[in-house]
Amino acid sequence: MSYEAPDFYDLDHLLTEDERLIRDTVRDWVSEKIVPVIGDHYLKGTFPDDLIPEMAEMGLLGASIDGYGCPGLGPVAYGLILQELERGDSGVRSFVSVQGSLVMWPILAFGSEAQKERWLPAMHKGEAIGCFGLTEPDHGSDPGGMETKAVKKGDHYILNGAKMWITKGSVADVALVWARCDGKIRGFLVEKGTPGFSAPLMRKKFSLRASVTSELILQDVEVPEDNVLPGVEGLKGPLECLSQARYGIAWGACGAAMACFDEARRYTLSRTQFDRPLASFQLVQRKLAETLTEITKMQVLNLHLGRLKERDAGTSARVSMAKRNACGKALEIARTCRDMLGANGITAEYQVMRHMCNLESVNTYEGTHDIHTLMLGHEITGIQAFR
Amino acid sequence: MDIIVCMKRVPDSAARIQIGGDGRSIDSAGLEHIISPYDEMALERALQIKEEQGGTVTVVCLGAAEAAKEIRQALAMGADQALHIKSDVGYRDPLTTARILADHLKGRTFDMLLFGKQSIDADNSAIGVMVATLLDLPAVSLVTKLDAADGKATVEREAEAGAEVIEVALPAVFTAQRGLAEPRYPSIKGIMQAKKKPIEEAQAPEEAALITLEALEPPPARTGGRIVGEGVEAVPELVRLLRSEAKVL
């Protein structure tokens, strides 16, 4: 049965022909390549590595980067790609977000010409995988408290510390590690295989199981001076990266919610209880009406944020609102849809519980729901509540 | 190697088809369309040959103005240019269609002219060979393998319980069977470049129809099944009904 994407307000007509064609291409690819295999990957706790070359071939890695062999897509087309990927699975979308928004984007924005030449074309082609090391075991919502340190020694730096919850850490060819150096936060490109650098896999997850999640351990790791991102100092470096990624997450979470809604609508129409389809019951209809309403609101918000970004008006507070709204609502929608599928909804025969479990992470990472609430509170009142 | 691929815009095979109010056309409201899959396979093989040995791929599409979307997709996959012969006629008999295509192809130079073996909506399996006849070109249908070099093509063609291997001098016409090539997904760069590629437009003539379509009917609705009994005891009755009523045994 083919996927019918909810588009209740006909937002299709607000997209350009290119945006629609890109969206449809990724949508078809996800239906053909991700959906049939991702449930098994999720259960086994593996990522579909064999699909990385296909994603690269289509140009999905670093799609919004302009130059260095990358296509330079606008924010709406980029968002649509992530929406469609996360309709497949949050883990697949997370990989593409990290590669593009958290590693390629900072190299483009803050990197030296040599760093850009070396990494951007290779990462676009999927020949190099990147990861982003900001969060630490003891510093999640408070990255400014980071303990990872860099000390200058001759023409290189010595890094010590640990990072946690790092998507693709164990397989990445390059880790962008943020560390404190003389009191200032700087970005370091740490290459796989550097002595003292290891990235053990984090196991036993209930969420994002089709995604590699790792720790990064740095013990007296020597990083050449040339591997420091020259263009940025201070917490604003990683925070600007996060703002890029959060924008994509808002779209992605919406994709997961759309998948859940589509599955619940089909299921309740075909499943019969008390001699009539579940969809004929008022309680079920209310759930469908409410979930579709929230999806539609999320789609409008995301699309408009994309148009704001086109004119450089996608401020971090506006991104916070979309990220917070999409993740929080998508999680509620997934839970409601899981409920509509009854006992069947807990099995891997259906997608809804996988999405639901994934969205717990998506709602938490890159600024928890609560932190985004407080960022909006700060924007509204001028008073920072978390300091 | 210069290759022309003729492609048709057809309703998505996964779409639910509704018959229009006139009883002789498909209701296109909200209906998704695609490049007919066999045409897409032909296009894919053409693109592969172009990538291997250089040359051009031109797509030709006779169809409604809306077919611009499918033409754009073909260009995004890698075709270099397109000819869109616009037509608002919903149903046209195969010979008339073939004549229009042949009129537009006459005078163009190409090494190979490819079609899908059939469109998945009309299913006539006629156009490719008819155009070949009108252009006085050799044609091989149901091709599952196609290689071309030095002015000739070597093809494999599906035959009863086997395959035929055929060599043919170019230019020639081929119709694609499943197995010829697996169509690619367009890349983002391909999509972005597609809008810069030229689409030549022409208007299909309004000709007298050789065949008129009188009515379209949906397949009869499936009726519910019947339980003839339970357990082993039901088997004789089931076999009897399968033989006498369903006539499948």
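Tutor: Let's start with cysteines: a disulfide is a pair of cysteine sulfur atoms within 2.5 Å. This is a predicted model, in which local features need pLDDT of at least 70 and side-chain atom pairs count only at pLDDT 80 or more, while totals for chains, interfaces and linings use all residues. Residues are numbered from 1 along each chain as its sequence is written, chains are lettered from A and ligands numbered from 1 in the order in which they are written, and side-chain values use heavy atoms, leaving out hydrogens and water.

Searching the whole structure gives zero disulfides over all chains. Take Cys254(A): it is in no disulfide, and the nearest cysteine sulfur, that of Cys327(A), is 10 Å away. Cys254(A) also counts as buried, at 0% relative accessibility (buried means under 20% relative accessible area, exposed over 50%, and partly exposed in between, with a 1.4 Å probe and protein chains only).

Now for the charged side chains. A salt bridge is a side-chain nitrogen of Lys or Arg within 4 Å of a carboxyl oxygen of Asp or Glu, and over all chains the search finds 40 salt bridges. In one of them, Lys297(A) meets Glu294(A), with 3.0 Å from N to O. These two residues sit three apart in helix H7 (residues 282-310) of chain A, so about one helical turn separates them. (Helices, H or I with at least four residues, and strands, E with at least two, are DSSP runs numbered from the N terminus.) Lys297(A) is partly exposed at 46% relative accessibility, whereas Glu294(A) is buried at 17%.

Chain B has six helices and 11 strands. Of its 249 residues, 40% count as buried, and its C-alpha trace spans about 70 × 45 × 40 Å along the principal axes. Here Arg184(B) forms a salt bridge with Glu51(B), their closest N and O atoms being 2.7 Å apart. Arg184(B) lies in the loop between E10 and helix H5 (188-194), and Glu51(B) in helix H1 (residues 37-53) of chain B, so this pair ties together parts that are 133 residues apart in sequence. At 23% relative accessibility Arg184(B) is partly exposed, while Glu51(B) is exposed at 53%.

Another pair in chain B is Glu200(B) with Arg108(B), which meet in a salt bridge of 3.1 Å, N to O. Glu200(B) belongs to strand E11 (residues 199-203), and Arg108(B) to the loop between helix H3 (94-105) and strand E6 (112-116) of chain B, so parts 92 residues apart in sequence are tied together. Glu200(B) is partly exposed at 41% relative accessible area, and Arg108(B) is partly exposed at 29%. Salt bridges can also join into a group: Glu4(A), Asp262(A), Arg265(A), Arg266(A) and Arg16(B) are linked in a network of them.

Asp155(A) sits in the loop between strand E4 (149-153) and strand E5 (156-167) of chain A, and it is exposed at 54% relative accessibility.

Finally, look at the backbone. Most residues other than glycine have a negative phi, and most peptide bonds are trans. Lys168(A), though not a glycine, has a positive phi of about 70 degrees. This lysine is in the loop between E5 and strand E6 (174-181) of chain A, and is buried at 2% relative accessibility. Lys204(A) has a positive phi too, of about 60 degrees; its loop runs between strand E8 (197-198) and strand E9 (213-224) of chain A, and Lys204(A) is exposed at 84%. In chain B, a cis peptide bond joins Leu170(B) and Pro171(B), with omega about 5 degrees. Pro171(B) is found in the loop between strand E9 (162-169) and strand E10 (172-176) of that chain.
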